[in-house]
Amino acid sequence: KFVRYAHIGTGNFHEKNARIYTDFSLFTKHKEIALEVANVFSFIEHSYKRFRFNHLIVSPLTSRRRLYQLIDNEIQAAQENRKASITLKVNNLVDKGLINKLYNASSAGVIIKIIVRGMCTLTPGIEGVSDNITAISIVDQFLEHPRVMLFHNNGEQSLYIGSADWMERNVDQRVEVSCPIYDDVLKERIIKTLTLQLNDNQKARIISSAQDNEYVKNNLESKVHSQLAIYDYLKAQEQLDKKQLRTRETKDD
């Protein structure tokens with residue numbers, strides 16, 4: 001019978017990029033997400049039409065409002081003395097409105113960890129403004145390209161992957177899409193890669209108010225080269241997936 005599939009990725013379909021970029025892609029038959037992806041293409045074709053997006057975050061229609069809302073949820077949690085955190089991975093972080101929201105979140109007590117490869121006009125570590133924000137940049141053999149947003153969300157961990165950097169042009173002017181990750185296995189794997197990168201002490205540089213971009217201090221007892229560690233982790237997961245698949249096929253036989 002007819003099934004609608006959709007692909008949402010943080011990069012593009014380019015054979016050279018596939019060899020040197022790191023990205024995330026979701027291939028899904030989730031009925032509502034697949035329909036919303038189709039509506040994105042309809043919007044591109046007929047920009048005067050308006051569609052309701054319950055799952056996807058779509059620029060230039062809903063991104064700013066939804067991102068503000070997700071940050072505000074963490075601010076409210078922190079103000080109510082509940083755990084609140086945001087982990088963000090982007091290529092560029094320069095949008096003034098979103099940066100001010102992150103400053104407000106930090107001031108409220110939200111713990112914010114950022115991985116930003118390129119331009120970053122947010123300044124971590126300013127007393128009373130960004131005390132709770134830390135930021136690193138990783139430049140290595142492969143170009144770090146995914147955009148990922150992780151919100152604590154009262155322990156439910158709302159995770160999104162997408163195409164948009166946190167820049168005014170991406171939020172307000174271009175057509176960009178971010179998609180929630182609902183599958184627990186996929187969510188765990190993406191969060192694991194973020195954790196490995198946040199613990200990188202070989203290629204990670206610290207973004208600070210001094211703008212000296214010093215490398216994260218190396219712990220000789222525990223070296224973490226995130227790109228190599230992520231490769232090893234995903235390879236092990238692939239082998240585990242194959243083993244579980246063979247076990248299921250044997251049971252079915």
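This is a predicted model: local features need pLDDT of at least 70, side-chain atom pairs count only at pLDDT 80 or more; totals for chains, interfaces and linings use all residues.
**Exercise 1. The largest pocket**

Task: State how much space lies in the largest pocket, and describe the residues that line it.

Solution: 
1. The volume of the largest pocket is about 780 Å³.
2. Its lining has 33 residues, and those closest to the centre are Thr22, Asp23, Phe24, Ile230 and Leu234.
3. Two or more lining residues come from each of helix H1 (17-20), strand E2 (21-22), strand E3 (25-28), helix H6 (184-198) and helix H7 (226-252).
4. H7 gives the largest share of this lining, eight residues.
5. By class, the lining of the largest pocket divides into 17 nonpolar, eight polar and eight charged residues.

**Exercise 2. The second largest pocket**

Task: Give the volume of the second largest pocket, and find which element supplies the largest share of its lining.

Solution: 
1. About 420 Å³ of space lies in the second largest pocket.
2. It is lined by 14 residues; His7, Gly9, Phe41, Ser163 and Val177 are the closest to its centre.
3. At least two lining residues are supplied by each of strand E1 (6-9), helix H2 (31-45) and strand E11 (176-180).
4. The largest share, four residues, is that of H2.
5. The lining of the second largest pocket consists of eight nonpolar residues, five polar and one charged.

**Exercise 3. The partners of E10**

Task: Describe how E10 pairs with strand E9 (residues 147-151) and with E11.

Solution: 
1. E9 and E10 run antiparallel and are joined by five bridges.
2. Within this pair, valine 148 stands opposite isoleucine 161 of E10.
3. The two strands form a hairpin with six residues between them. In the turn, asparagine 153 has a positive phi of about 50°.
4. E10 and E11 also run antiparallel, with three bridges between them.
5. Tyrosine 160 has proline 180 in E11 as its bridge partner.

How values were computed: Residues are numbered from 1 along each chain as its sequence is written. Side-chain values use heavy atoms; hydrogens and water are left out. On a 1 Å grid over the protein atoms alone, a cavity is a set of points where a 1.4 Å probe fits but cannot get out, and a pocket is an open set with protein on both sides within 12 Å along at least five of seven lines; lining residues have an atom within 4 Å of a point. Grid points are joined across faces, edges and corners, and a volume is the space filled by probe spheres set on the points. Ala, Val, Leu, Ile, Met, Phe, Trp, Tyr, Cys and Pro count as nonpolar, Asp, Glu, Lys and Arg as charged, and the others, Gly among them, as polar. Two strands pair if DSSP finds at least two bridges between them.
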